[in-house]
Protein chains: 2
Amino acid sequence: MITSTKTIIEKYWKAINDRDWKSFEQLVAGDIIYILPQSREKIRGRLAFKEFNETYPGNWTLSVTTLVTDEKRAVSKIAFVNDNEEQTGISFFELQNNVIQKITEYWPTPYEPPLRNCDYIERY
Amino acid sequence: MITSTKTIIEKYWKAINDRDWKSFEQLVAGDIIYILPQSREKIRGRLAFKEFNETYPGNWTLSVTTLVTDEKRAVSKIAFVNDNEEQTGISFFELQNNVIQKITEYWPTPYEPPLRNCDYIERY
């Protein structure tokens, strides 16, 4: 059976948001690699990655705000709300044989604009 | 003529890297919107956006490391090297009529890992 990349990523985020770890396990490869380049953290393997998500602290929910996919890759943007604080998560997915093989994830944080003397930059 | 989203985004980054502002102008809509959510900055219009890029300080170069596209949207990851310092840029593109209509861009920065007592998280 061929499942689209889009469907797999939608199921992945739904499983996490629902704390449905049985579905979650079926969507990721046994030797999945999860990488957080900003903190240089890495998790290897389905069970470790499941435990990481399952034990993630806080009373959080998430929703997918953007999802762009091709045949074997996807990029999603999520709004992650943890105890009323909202963060943006950006995840790059690589798939093989209808499961997620690798995730490279970024959590960009607010910063003050650098000093540039430009009339054409607005703040919102 | 139909040009693929992938080709348009590749040309866009090549034009910026080459300081080829004539090509750049042809790839973005007259009323393009460029948004930096982390600093809540916004630029409207082709000329303002061109000037923003043209006057960007430093002796920088960039290369595209990931590019995922569908019919009307794209996400790219670039390595932006400015005076030997490398940053990661993540850009979400929306296209209309073969030009770029909107760009939402993130510049995630390094952070120290949060304290979590987990054996399965490696550092690299």
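Modeller: Two strands count as paired if DSSP finds at least two bridges between them. The model discussed here is predicted.

Colleague: What makes strand 2 of chain A and strand 7 of chain B a pair?

Modeller: Two bridges join strand 2 (residues 41-44) of chain A to strand 7 of chain B. The criterion asks for at least two bridges, so the strands pair. They run antiparallel, and A:Glu41 stands opposite B:Arg123 in strand 7 of chain B.

Colleague: Why is the meeting of B:Glu122 and A:Arg44 called a salt bridge?

Modeller: The N to O value for the side chains of B:Glu122 and A:Arg44 is 2.8 Å. The cut-off is 4 Å between a side-chain nitrogen of Lys or Arg and a carboxyl oxygen of Asp or Glu, so the term applies. Across the interface of chain B and chain A, the rule finds two salt bridges.

Colleague: How many residue pairs are in polar contact between chain B and chain A?

Modeller: The count is 22 residue pairs, with both residues at pLDDT 80 or more. By class, the side of chain B that touches chain A has 23 nonpolar, eight polar and twelve charged residues.

Colleague: What is the extent of the interface, and which three residues of chain B supply more of its buried area than any other three?

Modeller: In contact are 43 residues of chain B and 43 residues of chain A. The area buried between the two chains is about 4,200 Å², and carbon and sulfur atoms give 56% of it. B:Tyr111, B:Tyr120 and B:Tyr124 supply 18% of the area that chain B buries against chain A, more than any other three residues.

How values were computed. Residues numbered from 1 in each chain as written. Chains lettered and ligands numbered in written order. Predicted model: local features only at pLDDT ≥ 70, side-chain atom pairs only at ≥ 80, totals over all residues. Heavy atoms only, no water. Contact = heavy atoms within 4.5 Å. Buried area = accessible area lost by both parts, 1.4 Å probe. Polar contact = N/O pair within 3.5 Å; in protein donor to acceptor, adjacent residues only side chain to side chain. Nonpolar A, V, L, I, M, F, W, Y, C, P; charged D, E, K, R; others polar. Helix = DSSP H or I, 4+ residues; strand = E, 2+ residues; numbered from the N terminus.
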